[in-house]
Amino acid sequence: MSSVPLQFPAQAAGLDSRTLSRAKLGDIDAFTAIVEAYHARCVRFARAMLRNPDDAEDMVQETFVRLYRALPRYEERQRFEAWLFQILGNCCRTANTAFQRQASRTTRDEEAVERVPSLDDPAAQFDHEWSDAVRRALADVPEYNREIFLLHYIEGFSYEEVERMTGVKQSALKMRVKRASDQLRARLSGERP
Amino acid sequence: MTDAERDPVLRRALDELRKLPAADAAAMRRVVVAAAAARVAPIDGEPIMLRPRRGRSIRMWMVAGIAAASAFVGFSLRAAWTSRVDVAQPLASPTPAGGARPILRAVSAPELEGAAIPHQFVLENTGAHRISIVGDFNRWNPASAPMRRSSDGLWSVTIPIVPGRHMYAFMVDDSLLTLDPTAPKARDPDLGTDGSIIIVGRP
C-alpha cells in the first residue's frame, strides 16, 4: 500500500470561475461538470459520515439537488468546495438523525462495514481486512469529531476553512481532530496495517 | 509535520480513507437529472415569483393562514350582522349614514386565495452603491428587486409576496449577502447559513 503525502486536495481540485458562473445561471452543462468533478469525493465523505453507508449515493444526490437550487445564492468570494461540503455535512447529519429514529432498521455501523465480499487472493483479502478495520474504527468515532477529522485530513480543508464552515472555533476543532486521531490510532494499533 | 504524518498507523489509515470510489457515470447522470428537475433557472426580468419554493413549510402556513382568515371572515360577518354595517366597506370610506363606522373589514378574496401581498423592505446603508432584496420569493435573483436609495441612506423596495414564511437577505453591491437587522433569522438548509425570516399575511 503506497503512502500518499498529506496535502490539501480541496485546493488542488478547484473549478474555474467561468464554470461556476455558468452553473449559477442554470447552465446544465456547467452543473454537470461540477458533479463530475466532485461526485466521487462527496460519495467518499458520505460513506464515512453516514451511519448507513448504503445511503451515501442518495445523500450525495440530495446534496447536489440542494446545491443546484441554491446556486444563484452562491457568493464567489466563498470557496465553492467549502460550500459544497457544508451542504453535504448538513445532509449527512440530518440523515444520521433520521436513521437513529428508525427503530425498524437494525443495520448498525459495524454491520454495514462488515459486508465485505470474500476473496480468494490473500493480498486482496488482507487489503479488505485493513479497509474494514479502518472503517469500523472510524464509525466508532463520535459524529461531531468524525466530521471535522474527515474535513481536515481527508478532504483537505484548513482549520480556518472548517471554522468558517462549522462555526466552531479552531482550538475546539483541533481538539476534536486530536480526539478522533487518538481514537483511531488506539483502535487500529492492534490491527496489522 | 502533523501528528498524522508522524504516526505510521494513522498515516496508513488516512491513505485508506483517502481512496476515492470509482467514478459512477450512471449515478452522476441521475444526480444531474434530479437536480435539473428540482430547479427552474432564474431568468432576469421575469416577474416576482408567485409560488413559494419550500413546499412543506409554506403549505403549513398557507393552511393555517386560510383557516385563520376563514375564522376572521366568519367573525367579521357575524359582527356585521349584529351591528348592521357594511363589512365590505373599507376603513377609509365615508361613515355610513347610521353614524356607525365599521371596526372590522372583510378579508378580501385575493387574501383568501393566497395572492401576493405588497411588502416593503427597508435597510439602512450609507456606503453601498447597489442593494437588492433576494429571497425564496424571487428565486434569490438579485436582478428581480433592486432597492431605491433615499437621501438619508435608507434603501427600500416594495414587492408583492405570497402569504407564508419566507427566507431572504439583502444583496449589497452584488457580492455581499446581509441579513435584515430588524427580522428574526433561521438556518438555511441549502446554504447551511442564516437567513432573515418574514411571515407574510399572518393574521
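Of the 203 residues in chain B, 26% are buried, where buried means that 20 or more other C-beta atoms, placed from the backbone, lie within 10 Å of the residue's own. The model is a predicted one, in which local features need pLDDT of at least 70 and side-chain atom pairs count only at pLDDT 80 or more, while totals for chains, interfaces and linings use all residues. Residues are numbered from 1 along each chain as its sequence is written, and chains are lettered from A in the order in which they are written.

Chain B has five helices and eight strands. Helices are DSSP runs of H or I with at least four residues, strands are runs of E with at least two, and both are numbered from the N terminus. Read from that end, the order in chain B is α-α-α-α-α-β-β-β-β-β-β-β-β. Among the contacts in chain B with a separation of 6 or more, 62% join residues 24 or more positions apart; two residues are in contact if their C-beta atoms, placed from the backbone, lie within 7 Å.

Between the chains, 45 residues of chain A are in contact with 39 residues of chain B. Several helices of chain A each supply at least two residues of the side that touches chain B, including helix 5 (80-101), helix 8 (143-154) and helix 10 (170-188). The largest share, eleven residues, comes from helix 3 of chain A. By class, this side of chain A has 25 nonpolar, ten polar and ten charged residues. Here Ala, Val, Leu, Ile, Met, Phe, Trp, Tyr, Cys and Pro count as nonpolar, Asp, Glu, Lys and Arg as charged, and the others, Gly among them, as polar.

Helix 10 of chain A has buried residues at A:Leu173, A:Arg176, A:Val177, A:Ala180, A:Ser181, A:Leu184 and A:Leu188. Seen down the axis of helix 10 of chain A, the buried residues fall within an arc of 130 degrees, so they line one face of the helix; the arc is that of the directions from the helix axis to the C-beta atoms. An α-helix has 3.6 residues a turn, so residues three or four places apart point the same way. On the other side of helix 10 of chain A, A:Ser171 and A:Ala186 are exposed, that is, with 12 or fewer such C-beta atoms within 10 Å.

Among the residues in helix 8 of chain A that meet helix 10 of chain A are A:Tyr144, A:Phe149 and A:His152.
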